[in-house]
Each structure stands twice: as C-alpha cells, then as structure tokens.
Amino acid sequence: MFAFLARRLATLLTTLAVAAILIFAVTEILPGDPAAAMLGLTATPETVAALRAELGLDAPAFVRFFGWIAGFFTGDLGISYAYRVPVAGLIAERLPVTLPLAIMASLFASILGITLGALAASRANSLVDSALMAGAQVGLAIPNFWFGILMVLLFSITLGWFPAGGFPGWETGFFKGLQALFLPAIALALPQGAVLARLTRTAVLEALGEDFVRTARAKGLTRGQTLRRHVLRNAMVPVITMLALQFSFLITGTIIIENVFALPGLGRLIFQSVGGHDLVTVKSLVMIYVGAVILVNALVDIAYGLIDPRLRFGRGVGR
Amino acid sequence: MIGRALRHPSFVLGLAITLLVLGVAFLATFWTPHDATAMRISARLRPPSATNWLGTDQFGRDVLSMLMMGARNALLVGVVAVGIGLSIGVALGMMAATREGSLADEAIMRLCDFTFAFPAVLTAILILTFLGPGLVNAILAIGIFNIPVFARIARGASLQVMARDYIRAAQAAGRSTFGILHRHVLPNIRGILIVQASVQFALAILAEAGLSYLGIGTQPPNPSWGRMLNDSQTFLAQAPYLAIFPGAAIALAVLGFNLLGDGLRDVLDPKSKER
C-alpha cells in the first residue's frame, strides 16, 4: 500500500515537473526574447529593454524558473503585462466564475448522464432505450458552443428567461449569479452527459448480468430495489472514474464556453492573454489548468488502487 | 461481412451521412450556387429565399455556398489530422510492441501518457499562438494529439497479435521484423485502427470548428463552419438562421463519422455489441 502511494506520488510530481519545464520553455525560452515577443514588431529597443528589466529576464533561465515555481506557493506570480495588475489577483478574481461553472456543469452532466443511462439500461432494447441512446449520440455530435448559442437564441432572445451573456458578480445576489451561469453550465454539460449516459448504460447492463442480482431478486427484492441497492452501486465505479477523467474536457471547455457567454472567468482570461501575448499571465494560467488535470487524473488512479487492490500492481487505469 | 454491415442501422445511417458530406465537399470543388467569398453588401443579412436558399451573411455572402466550401475544409482537417496520427502513431506503437519492455517502449508510452495529461484544446491554442493562426497550423495542432491515441491502440493490438502462433512460425521461417509487422500484424489490427480513425475524424472536425470559432483556426476569406458560428453571434436576434445552419452542418458531419465508427466496431468485432 505504502509502496503504491509512494510510486503514484513520484509519478505525479515528475509529471508536474515536466509539465512546468515544458510550459516555461514554450513561454520563456522558445520565443527567443519574451519581451520582444510580447511587444510585437513595432517595439523600440528601449521599450524592449525596459520590459526585459521589469520581467527580470536578465537573470539565468533556471533562476527565473524556480522563482516562478516558488510564486505558486507565495502567491507572487508576477504582474500581468496586459492588465498591469498582479496575476495572482487576476486569477483570484476570475476563479469565482470558472469554478462554480465547472462544478455546476459536472453536476448537471452526472444527473443527466446517470439517470438517463440507468433508465436506458433498465429498459434495454426497448423503444425508450433506443430513443435515449440516439439522443446521447446526437448530444455527442453537437458542439457545445453551438448548443450554447442555440440556448441563447431560445431562452435569452426569444423567451427572455436568462441573460444572453456576461456575469453580474456574486455581490449582486446568489440567484443572479446562478442564473448567469445556468445556460453556460448546461452547454458544457451536454457532451459530458451524453458520454456518461452511454457509459452508465453499459456498466448497469454488465452489473445486471452478475450473480448477486439474481440472488437479490431471488430473496424477493423488486426490480427497482435491486437496481438502486445493488446494480447502481456496482456500476458507479467506472462512471465516477469517467466523470473525473472528463474533468480535463470540462475545464478546457470553459475556454470556449466562457467566450460564447462573455463570462469573465479563467477560460476567457487565458484566451485573451494568449491573444494579447501576455506571456506572464499565460504561463501561470496554463500551469494551473494543466496542473489541475494532472492532479485529478492522479487522484482517480490512486482512488482506483485503493478500491481495487489488483490495480496497485499494474500500471494504473486504462492501460 | 458487407451483408452484416448493410443490416446494421448505425453503420448504414453513418455511411449515408458521411457520403452526403463527402459528396457536398466534392461538389464544392467544382460548383457552388454562388461564389462563396463574393461580398454583396446590398444583399446583406437576407433570410433564406429562392436565390439564396440558406440566406446571406453580414457581407451578403451566400450561406449555402459557404457551408459547402466549409465541408471541404472540415474534411481536409479530418483527413490530414487523422493521417498524421495514423502514420506516426501506428509506426511508434508497432515499434514499441516489437520491443516490449525495452527503454524505447517505455519512453514512447510515457510520452503518450504525458501528452494525455495536457488538455488538447489548451495546447492547440498555445501552439497556434506561437505558430500563428491558420488552417495548416490548426491541422498540425490537432494532428499531434492523434499520435498518442493511435500509438497506444496500435501497441496494444500488435502485442495481442504477436502472441499468436503464426507469428512465431513466421519468425522461425526467418522473416524480418518489418516483414512480420507488414504482412501479419498490420492486416490484423487494421479493423480497430479504422474504427478509431473514424472516431478521431469526428473529434478533429469538432476541434477545428472550436479553434475557428475562437478565431485561431481557418482564416477568412476561407469559409469555415466554426468561424461562421462566431460571426453569427453578433446578428443572433436579427438573423438567427446564420447560427443554425453552420452548427447543424458540424453536428451532422460529426454524427455521421461517430455512427460510422460505432457501426464498424459492431461489424468488425461482433463481441463488442454484447458488452
């Protein structure tokens, strides 16, 4: 057990370190002179020199790298070039939009996916099953940003139920904040919900074929009771794993969806910073996104190992 | 096998949709109802009519012609991005399989794991920031992420095939490793690769649409479905049809390739249907 955890932790730290080196290389070493890259072709040598001094680019690369990494622990990630404010502050300001959005989307996706998937499995090969699985297939094909635009068309422009975009801020009221995030969360949840519905159906069908189901029915439990108490519980392991692994798609989905709904979150910030060549902000934001994905994947791997001891000796999930 | 395929509803529907998209893209090479890039400001934002079946956009361009040209674009992305993944990924995966447990195998597989840890859209955005926006760079950015997908699948499937007796027989008969891979392994893993290729094709179309929606994929005046959707948002209240048609085109193309993949999986591997 201890060896398993130590091995997973070592892999996690190595992956994070390689990711950090790669991101640092792409943003600070590959462009040649990051100051010149940020200022563009029209910059004078004086302004480039001034920015170089401001960013501390004259220090050796490894000193800058470790300074940047230390910043994640001290909260000093430098000053954003485009916004002229501390990057850490920008992130703290935008996180209350992206985090609730991602949580709401996960919630919607799980409710939608697990309920419909279980329903389809319990009526396997019926018309309901076929209709639900056809719906899931369409849900997978619809780009989430198009779904977002269609919802704006219907619920904002035609019916006026929700704002078409923007975020009023949580200080204007909890309900108003939720209302602004509702459509974006649904748009993000659609493809994830479709994936989960298909997976839940397969997992439930597999569990339905197990001996313990026959035992449960034989001892007099109804179909519904068996489904709730025995089948769903067993089918949930792969579904929860998938939900966690889908996290990667979900948080990158925020980059596009926050643009569709003009939400001032991390996704929009990353896109604007990339567009504005604000490498100071891009570097730390990308690290946060990638770090979050790596961390979640590692946690899933560890949780899997804890649940199923056989996996501790293998190479992990899905290999 | 063809008989079984033609009785499979998802396969038939997927094939029909895919052929429709292919047909439209092929037709667009020779003919579109109007010039897809010609602007006529006097005819801007016209709703669907007999002259412009799907209406005109904010520059008076014919939406149907743009959609047709967009189909060519989407297919080009799919073909090249999946081609990159297939050619490099399968070669790497098979090479890793022949040297199972070696340093090269370990290095290739760890590199694949590592690529999976990076969110694809985010990395594509980063790559496009440095290489500059555009169709070719978008295809490259999408293609890179197909490499580990095919490498993993090719390695796993090759290992299974290589454990069979006829491979040992071929080795005993003195065939070279390359000869064995080419003559015996590749034909046996072709099915699983084709299935995955159609899934990746659909994902590539979605990814390009997303990147073009963000303005860093296909650049104007080349029509692209994602970019059309982005442009449509400004005129959503005035001209909702501008948002409906390009999105429907993306969804239809993706649905077609996904269904084709599902159908092929069932036909090529009947056991998977029971699962």
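This is a predicted model: local features need pLDDT of at least 70, side-chain atom pairs count only at pLDDT 80 or more; totals for chains, interfaces and linings use all residues.
## The interface between chains A and B

Chain B puts 38 residues in contact with 43 residues of chain A. The area buried between the two chains is about 3,400 Å². Carbon and sulfur atoms give 78% of that area.

Polar links across the interface can be listed briefly. The rule finds four residue pairs in polar contact between chain B and chain A, both partners at pLDDT 80 or more. Five helices of chain B each supply at least two residues of the side that touches chain A: α4 (103-117), α5 (120-131), α6 (135-162), α8 (177-213) and α10 (241-268). Of the elements on that side, α10(B) gives the most, with 11 residues. By class, the side of chain B that touches chain A has 26 nonpolar, five polar and seven charged residues.

## The salt bridge between the chains

The rule finds one salt bridge across the interface of chain B and chain A. Its partners are R198(A) and D262(B), with the closest N and O atoms 3.3 Å apart. The pair runs from helix α8 (residues 174-208) of chain A to helix α10 of chain B.

How exposed is R198(A)? R198(A) has 24% relative accessibility, so it counts as partly exposed. D262(B) has a relative accessible area of 16% and is buried. The cut-off for buried is under 20% relative accessible area.

## Salt bridges within the chains

Over all chains, a search of the whole structure finds 13 salt bridges. In chain A, R64(A) and E28(A) meet through their side chains, at 2.3 Å from N to O. R64(A) lies in helix α4 (residues 61-74) and E28(A) in helix α1 (residues 2-29), so the pair ties together parts of chain A that are 36 residues apart in sequence. Both R64(A) and E28(A) are buried.

In chain B, D57(B) forms a salt bridge with R61(B). The closest N and O atoms of this pair are 2.8 Å apart. D57(B) is buried, at a relative accessible area of 4%. R61(B) also counts as buried, at 7% relative accessibility. Elsewhere in chain B, salt bridges link E106(B), R110(B), D113(B) and R152(B) in a network.

## A buried arginine without a salt bridge

R94(A) sits in helix α5 (residues 87-122) of chain A. This arginine is buried yet has no salt bridge. Which side chain of opposite charge is nearest to R94(A)? That side chain belongs to E93(A), 4.5 Å away.

What does the side chain of R94(A) reach? The side chain of R94(A) reaches the backbone oxygen of G265(A) at 3.3 Å. G265(A) is also on the list of residues that R94(A) touches, not counting residues up to four places away in sequence.

Notes: Residues are numbered from 1 along each chain as its sequence is written. Chains are lettered from A and ligands numbered from 1 in the order in which they are written. Side-chain values use heavy atoms; hydrogens and water are left out. Contact means heavy atoms within 4.5 Å. Buried area is the accessible area (1.4 Å probe) that two parts lose on being put together, summed over both. A salt bridge is a side-chain nitrogen of Lys or Arg within 4 Å of a carboxyl oxygen of Asp or Glu. A polar contact is a pair of N or O atoms within 3.5 Å; within protein, one must be able to donate a hydrogen and the other to accept it, and residues adjacent in sequence count only if both atoms are side-chain atoms. Helices (H or I, at least four residues) and strands (E, at least two) are DSSP runs, numbered from the N terminus. Ala, Val, Leu, Ile, Met, Phe, Trp, Tyr, Cys and Pro count as nonpolar, Asp, Glu, Lys and Arg as charged, and the others, Gly among them, as polar. Buried means under 20% relative accessible area, exposed over 50%, partly exposed in between (1.4 Å probe, protein chains only). Lys and Arg count as positive and Asp and Glu as negative; His and the chain ends are not counted.
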